[in-house]
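Colleague: I would like to learn how to read the strands and helices of a model like this one, feature by feature. Could we go through it together?

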Amino acid sequence: MHIHILGICGTFMGSLALLARELGHRVTGSDKGVYPPMSTQLAAHGIDAGHGFDAANLTPAPDLVIIGNALSRGNVEVEAVLNQRIPYTSGPQWLADNVLQKRRVLAVAGTHGKTTTASMLAWILEQAGLAPGFLIGGIPRNLGISARAGSDDGVFVIEADEYDTAFFDKRSKFVHYLPDVAVLNNLEFDHADIFSDLAAIERQFHHLVRLVPGNGQLVVADNEDALSRVLEMGAWSPVARFGRTTQAQWRLADGADDRHFVVSAPEGEVVVQWGMSGEHNRRNALAAMAAASAVGVTLEQSSGALATFASPRRRQEVRGSVNDIQVIDDFAHHPTAIAMTLEGLRAVPSSGRLIAVIEPRSNTMKLGTMKARLPESVASADEVYWYQPAMLGWSVAEVAETCPVPAHVMTTTDQLIEALVDQARSGDRIVIMSNGGFDNVHERLLKALEQHHGQTAHAEA
């Protein structure tokens, strides 16, 4: 079958393309403004990511078109699909119909940490010998690919997103995923472009809860009022709480330092030693361990896997260093995620400064819904550079004026790179936060630092 994917370079749709290819289909796709790592991953697997949207991309007509949720009426290829009556579906529906039906599905939901937690869970299952299938909204470095099918009757890990499915299906994507185990990691207001308030998102999370069978498992954070309200709407599956409270069956405690933590679980206690940092990542790991336990993985197997876990691409990923100046890439684009990322990096001892570079570009950010929370989100940094995207409907200067740390406003990426090269010194960590390609700032900055310091960038493995 020839499957054509609209929006193929999105993190979900690109992963879907890999699954379709693995299952034996011919896969093509269209997108615009493509950027790594998804574009390079597709190219490495021989999938043409397309060069923009055009009705001619549908000639000859494919057998099926999968339409991503970033596409809407008025898009030239969407209109051609409808006019030519080419069969079409959404990505989540295709996944449910063609991949998930016979598998035991472990779905990871939450406002923050889905990609990292799902990556941890897939790696734990892989190391435990379960050879899971998975679809993750990023590229786990341990696994080297964002999706694989796995066996027809095996386990499957999926990052379960609450964003809507398609222009013709406004339900959250995760209602299609047939979960046997659902992780509810956290919940706060986000996606202001499609949700009116937090209560609207809570209702969608309850739709996910309704789908988990009675012999399944809900793995739920213990300190989230919004998640408690979700469960109060009704829960028909066993609930395993995780966190730091005495009510949590899976309990987190501090270890000797930030690279160690203690997990107390129904089956015993274990000390985890690993290379990650930050309280949010310890909680992500705890959730992954609890979910893995639901399919028979032991504490020792989980802790052993976490000892070798590497963060996914674009999650506190060190892209390279020059003269001991690190350039770090992170996907954070919500005030809470920005704060957690910076707090986690601050916890790692360093001789230099922690410099934040932030591009507010998500749909919610464009609306200015989170603007008031942005100044405090950077409190753990020593300095922050705010970038003003052309399509942002408000001025980042308003945020910079009230930041608790020195703040700068940049209107071009050339200006930004020049300022960073001029100010950076040995020992500094520059963390660049955006949910887009950000005009390839990371690599351009590394090259500019090389020229300035007369050294070759050291790339992280």
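Colleague: In what order do the 10 strands of the open sheet lie, and what kind of pairing do they have?

Modeller: Bear in mind that this is a predicted model. The order in the open sheet is β7-β6-β8-β5-β11-β12-β13-β14-β15-β16, and the pairing is mixed. At the edges stand β7 (147-148) and β16 (268-273), each of which has a single partner strand, so that one side of each is left without a neighbour in the sheet.

Colleague: In which sense do β14 and β15 pair, and over how many bridges?

Modeller: Strand β14 (residues 250-254) runs antiparallel to strand β15 (residues 260-265), with 4 bridges between the two; across this pair, Ala253 stands opposite Val262 of β15.

Colleague: Why is strand β2 described as largely enclosed by the rest of the structure?

Modeller: Burial here means a relative accessible area under 20%. In strand β2 (residues 26-30), 4 of the 5 residues are buried, so the strand is largely enclosed by the rest of the structure. Strand β1 (residues 2-6) pairs with β2 in the parallel sense over 5 bridges, and Val27 in β2 is the bridge partner of Ile3. Between β1 and β2 the chain passes through helix α1 (residues 11-22), giving a β-α-β crossover that is right-handed.

Colleague: How many residues has helix α10, and is it mostly covered or exposed?

Modeller: Helix α10 (residues 335-346) has 12 residues and reaches 16 Å from its first C-alpha to its last, close to the 16 Å expected at 1.5 Å a residue. The helix α10 is mostly covered, with 9 of its 12 residues buried, among them Pro335, Ile338, Leu342 and Leu345.

Key
Residues are numbered from 1 along each chain as its sequence is written. This is a predicted model: local features need pLDDT of at least 70, side-chain atom pairs count only at pLDDT 80 or more; totals for chains, interfaces and linings use all residues. Side-chain values use heavy atoms; hydrogens and water are left out. Two strands pair if DSSP finds at least two bridges between them. Buried means under 20% relative accessible area, exposed over 50%, partly exposed in between (1.4 Å probe, protein chains only). A crossover is right-handed if, with the strands pointing away from the viewer, the path from the first strand over the helix to the second runs clockwise. The expected span of a helix is 1.5 Å times one less than its number of residues.
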